[in-house]
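Subject: Structure handover

Hello,

Here is the structure for you to look through. Please open it beside this email and follow along.

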Amino acid sequence: MLKSSKMTDYAEVCLGMLARRPGDIMSATELSKETGLTLYTVQKLLNLLVSKSDFIKANHGAFGGYILNRNSSEISVVEIIEALDGPITLTSCIDKSESFCEASEICFFSGKWNKINKIIRKSLNDIYLKDLLSYENLFLIDDNNEVFY
């Protein structure tokens, strides 16, 4: 199963809240109240986002808080996931993998998962934070059950 971590889900929620109020500085307490996440979780998440990405900027001081540093139409879903969860992969047998696979000598799938990983990564790279906030249909399915944007 392909599943992002809870922290990544929460990051999308917090980033979405900041994106809904462009230019506004929000404290961790405000974000906690607005999102329903615990203050501890929001504080931990904001620290991670500041240290691992350029999505938000921290303003210190009495009127400090957090502000979206990039436009929501410039932050892709793949960037959010990879900032917190690392590279998107379905299996550990990918190019440049540092892990050893016991079946590598006899595996006929060797290297084939890379194409699938690239397709998934590209699809998520084509979806932006702004798209997640939109009420319009993000995905459409044609007569051949193929998904397009």
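Threonine 8 sits in helix 1. This is a predicted model. Is threonine 8 buried or exposed? Its relative accessibility is 0%, so threonine 8 counts as buried. Setting aside neighbours within four places in sequence, threonine 8 touches Ile80, Ile81, Leu84 and Asp85. Two of these names, Ile80 and Ile81, come back below among the buried residues of helix 4.

Now the whole chain. The protein chain has six helices and four strands. Read from the N terminus, the order is α-α-α-β-β-α-α-α-β-β. The chain has 149 residues, and 30% of them count as buried. Take the contacts between residues at least 6 apart in sequence: 55% of them join residues at least 24 apart.

Back to helix 1. This helix covers residues 6-20. It has 15 residues and reaches 21 Å from its first C-alpha to its last, close to the 21 Å expected at 1.5 Å a residue. Its buried residues are Thr8, Ala11, Glu12, Cys14, Leu15, Gly16, Met17, Leu18 and Ala19. What do the buried residues of helix 1 pack against? Their partners are helix 2 (28-35), helix 3, strand 1, strand 2, helix 4 and helix 6.

Look at helix 2 next. The axes of helix 1 and helix 2 come within 10 Å and cross at roughly 105°. An angle of 65 to 115 degrees counts as roughly perpendicular, so helix 1 is roughly perpendicular to helix 2. From helix 1, the contact uses Val13, Cys14, Met17 and Leu18; from helix 2, it uses Leu31, Glu34 and Thr35. By class, the residues in the contact of helix 1 with helix 2 are five nonpolar, one polar and one charged.

Then helix 3, residues 39-52. The axes of helix 1 and helix 3 come within 10 Å, crossing at roughly 85°. These two helices are therefore roughly perpendicular to each other. On the helix 1 side, Met7, Tyr10, Ala11, Cys14 and Leu15 take part. They meet Thr41, Val42, Lys44, Leu45, Leu48 and Leu49 of helix 3. The contact of helix 1 with helix 3 holds nine nonpolar, one polar and one charged residues.

Next, a hairpin. Strand 1 (residues 56-59) pairs with strand 2 (residues 65-68) in the antiparallel sense, over four bridges. Which residue of strand 2 is the bridge partner of lysine 57? That partner is isoleucine 67. Five residues lie between the strands of this hairpin, and glycine 61 takes a positive phi near 110°.

Helix 4 spans residues 77-85. Val77, Val78, Ile80, Ile81, Ala83 and Leu84 are buried there. The buried residues of helix 4 pack against helix 1, helix 3, helix 5 (113-125) and helix 6 (129-133). Just after helix 4 comes glycine 86, with a positive phi of about 90°.

One last residue. Where is isoleucine 127? Find isoleucine 127 in the loop between helix 5 and helix 6. Isoleucine 127 has a relative accessible area of 6%. Buried means under 20%, so isoleucine 127 is buried. Isoleucine 127 and serine 73 are 54 residues apart in sequence, and their C-alpha atoms are 8.9 Å apart in space.

Over to you.

Best wishes

Terms used: Residues numbered from 1 in each chain as written. Predicted model: local features only at pLDDT ≥ 70, side-chain atom pairs only at ≥ 80, totals over all residues. Heavy atoms only, no water. Pairing = 2+ DSSP bridges. Axes fitted to C-alpha atoms, helices over the stretch in contact; angles between N-to-C directions. Parallel < 35°, antiparallel > 145°, perpendicular 65-115°, else oblique. Contact = heavy atoms within 4.5 Å. Nonpolar A, V, L, I, M, F, W, Y, C, P; charged D, E, K, R; others polar. Buried < 20%, exposed > 50% of the residue type's maximum accessible area, 1.4 Å probe, protein only. Expected span 1.5 Å × (residues − 1).
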